[in-house]
Amino acid sequence: MSRQTGPKAGKPEPLATPMEDTETIDFEIIELFFFAYRDFVSDPDAILEKSGFGRAHHRVVHFVNRNPGMTVADLLDTLKITKQSLARVLKQLIDSGYIRQVAGPEDRRQRKLYPTKSGRELALALAEPQSRRIERAFEGASAQVREGVKAFLGGMRDRKKAD
C-alpha cells in the first residue's frame with residue numbers, strides 16, 4: 001500500500017467510486033460468499049446463543065458427531081486451531097454433557113471424543129436449518145450442478161502441500 005505524501009498527507013482523500021472487478025478479483029463472488037456465510041450460520045448461531053455457545057462449539061460438535069472416537073489431536077488438525085483455543089470450548093461441551101472424552105484403549109494419554117445423546121441432538125438441531133437452506137438453494141438444480149458446487153467448494157479449501 002503506498003503512503004500519501006504532500007501537504008494533505010495527514011488527511012487521506014475519501015474515495016467516492018466503488019471498487020470494480022479486475023482480471024483477478026471478482027467482487028460479486030466475494031460478496032455472495034460474505035452474504036451466504038452470514039445467512040448460513042445465522043440459524044445455528046441463534047440456537048447456540050441460547051446455551052452461551054458460539055461457532056467454535058458448533059464446529060467441535062459437528063466434527064465429533066461426524067467422526068465419533070476421533071482423538072483430540074485429530075480434531076485439532078481438522079479445525080486448524082491451537083490446543084489452548086480448543087481446551088476452553090471442549091471443556092464447556094464436556095461439562096454441559098454434549099461430548100464425552102474417553103482415554104484411548106492402548107494409550108491412556110490419548111483422548112477420544114464421542115458425542116452424547118444430547119450432543120447428537122444438538123448437532124442435528126444445528127444442521128437441520130443449514131440443510132434446509134442448502135436444499136432451497138439447489139431447488140430445481142440437476143445432480144450435475146450439485147456435484148459442480150461440491151467440486152467448487154472442495155477447491156476453495158486450503159490444502160497442505162505434500163513435502
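Okay, let's start with one histidine. Skip the neighbours within four places in sequence, and His58 is in contact with Pro44, Leu48, Leu126 and Gln130. Keep in mind that this is a predicted model. His58 itself sits in helix 2. So is it buried or exposed? His58 is buried, since its relative accessible area is 14% and the cut-off for buried is under 20%.

Helix 1 covers residues 27–49, and its axis comes within 9 Å of the axis of helix 5, with a crossing angle of roughly 155°. Anything over 145 degrees counts as roughly antiparallel, so that's what we call helix 1 and helix 5. The crossing is right-handed.

Who's making the contact? On the helix 1 side we have Asp39, Phe40, Val41, Ser42, Asp43, Pro44, Ile47 and Leu48. Helix 5 brings Leu122, Ala125, Leu126, Pro129, Gln130, Arg133 and Ile134. By class, that contact splits into 10 nonpolar, 2 polar and 3 charged residues.

Next pair: helix 3 and helix 4. Here the axes are 10 Å apart and the packing angle is about 115°. How do these two helices lie relative to each other? They're roughly perpendicular, because that label runs from 65 to 115 degrees. Helix 3 also passes helix 4 in a right-handed crossing.

Leu75 takes us to the core. The largest nonpolar core has 19 residues, and the ones touching the most other members are Val60, Val64, Leu75, Leu93 and Ile99. Helix 4 gives the most, with 4 residues.

Last stop, Val64. Again leaving out neighbours within four places in sequence, Val64 is in contact with Met70, Leu75, Ile99, Leu113, Tyr114 and Pro115. Two of those names, Leu75 and Ile99, were on the list of core residues that touch the most other members, alongside Val64. Okay, over to you for questions.

Conventions: Residues are numbered from 1 along each chain as its sequence is written. This is a predicted model: local features need pLDDT of at least 70, side-chain atom pairs count only at pLDDT 80 or more; totals for chains, interfaces and linings use all residues. Side-chain values use heavy atoms; hydrogens and water are left out. A nonpolar core is a set of buried Ala, Val, Leu, Ile, Met, Phe, Trp, Tyr and Cys residues joined through side-chain atoms within 4.5 Å. Buried means under 20% relative accessible area, exposed over 50%, partly exposed in between (1.4 Å probe, protein chains only). Contact means heavy atoms within 4.5 Å. Axes are lines fitted to C-alpha atoms, for helices over the stretch in contact, and angles run from 0 to 180 degrees between N-to-C directions. Angles under 35 degrees count as roughly parallel, over 145 as roughly antiparallel, 65 to 115 as roughly perpendicular and the rest as oblique. A crossing is left-handed if the near helix is turned anticlockwise from the far one by less than a right angle, and right-handed if clockwise. Ala, Val, Leu, Ile, Met, Phe, Trp, Tyr, Cys and Pro count as nonpolar, Asp, Glu, Lys and Arg as charged, and the others, Gly among them, as polar.
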